[in-house]
Amino acid sequence: MSPRLSLSVALAAFCLAGCGSSSSGPSDGGNTAAFSAKIDGAAWNSLAISTSAHGSANGTFTLIGSITSPTQTSMSLTLWNIGAPGTYPMGVGPTVPGGTATIVTGAQSWSTPLSGAAGTVTVTAVSATSITGTFSFVAAPVSGGATGNRTVTQGTFDLPVTSTGSVTVPLNVGSTFGGTLGGTAWNAATIVIVAAPSSGTLTIGASNVTHSINMLISGYAGVGTYTLGTGVQRTMTVFLSGTVQSWGAIGSQSTGTVTVTSATASRIKGSYTASLAPGANTTGALTLTGNFDVGLQSP
């Protein structure tokens, strides 16, 4: 065999052994963990050495992973109030069952806005020692000169969990509040109890990046239907974020009902339907319908 032919054979053998990995994404020496996704359509497979999952009080789980090639890109998911398998919204804060996500590439970072609808995470199994599921979300630019949104699809995780204490979600932790606002789906990212039922007044505040809703029910007495705008302080008010526009508030500006279907020492559940007159600097009435399931934590 000629020296030139020998060199060609050697190069071909070398390429068969190592060149083929480029077709399936960044080379990682087979050291990937079970935490992966597509970011803007490109495969992202976290390195095992850079992957961790931690559990803490109230069903809080933090999943972290990163890759080193072709760019240094890390991803983290923080999940709140996860006590059982289910599908939860991404883009919510710690008072709502669901989570937030962050992507970092170099100095640039993107995060799910607190819209209550930035994506979903489906948890298929969860315990103090392991968590499994799938996810997708859209993250908006936050810092470091980041521009444009990052779209994450086909996300999966199947990870051992290191826990600090119990990850059990108490009965009074985690709240939901959502439905339609002006005929468009709306989901709260943050929920607070402003006045607890023991005061005789039930006041709930729910918000996301676009709107905030305040529900005030005076004369609260547990399960029952409460009519809005009947001369007592029973109102719903909606504020458009970043503006002076509002709907509802006092008196006949709020019409409709709030129905409490379940009331315990830990939680209040119910539904609402309302039509709200426009406030100052606002035009057109606003309708809203939906449900709430609120844990009675201290404000």
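On a 1 Å grid over the protein atoms alone, a pocket is an open set of points where a 1.4 Å probe fits, with protein on both sides within 12 Å along at least five of seven lines, and lining residues have an atom within 4 Å of a point. Grid points are joined across faces, edges and corners, and a volume is the space filled by probe spheres set on the points. I noted 14 lining residues, of which Asn81, Pro97, Val169, Val173 and Arg267 are the closest to the centre. This lining divides into seven nonpolar, five polar and two charged residues, where Ala, Val, Leu, Ile, Met, Phe, Trp, Tyr, Cys and Pro count as nonpolar, Asp, Glu, Lys and Arg as charged, and the others, Gly among them, as polar.

The second largest pocket has a volume of about 150 Å³; 12 residues line it, and Ile39, Ala42, Ala43, Thr71 and Arg150 are the closest to its centre. I recorded seven nonpolar, three polar and two charged residues in the lining of this second pocket, to which strand 2 (residues 42–47) gives the most, with three residues.

**Conventions.** I kept the numbering from 1 along each chain as its sequence is written. Local features need pLDDT of at least 70, side-chain atom pairs count only at pLDDT 80 or more, totals for chains, interfaces and linings use all residues, and side-chain values use heavy atoms, with hydrogens and water left out.

I then turned to the open sheet, in which five strands stand in the order 15-16-17-19-20 with antiparallel pairing; strands are DSSP runs (E, at least two residues) numbered from the N terminus, and two of them pair if DSSP finds at least two bridges between them. Strand 15 (190–195) and strand 20 (246–248) are the edge strands, each pairing on one side only. Within the sheet, strand 16 (residues 201–207) and strand 17 (residues 211–218) are joined antiparallel by seven bridges, and Ser207 stands opposite Ser212 in strand 17.

Elsewhere I followed strand 23 (residues 286–295), which pairs antiparallel with strand 13 (residues 176–181) over six bridges, Thr180 having Thr289 as its bridge partner. Strand 22 (residues 267–276) also runs antiparallel to strand 23, with 10 bridges, and Ala274 stands opposite Leu288.

**Confidence.** I checked pLDDT (the predictor's confidence in each residue, from 0 to 100): the protein chain averages 88, and 87% of the residues score at least 70. Over residues 1–29 pLDDT stays under 50, and the model has eight contacts for this stretch beyond four places in sequence, a contact meaning heavy atoms within 4.5 Å. Where pLDDT is low, the predicted coordinates should not be read in detail.

Note on methods
Helix = DSSP H or I, 4+ residues; strand = E, 2+ residues; numbered from the N terminus.
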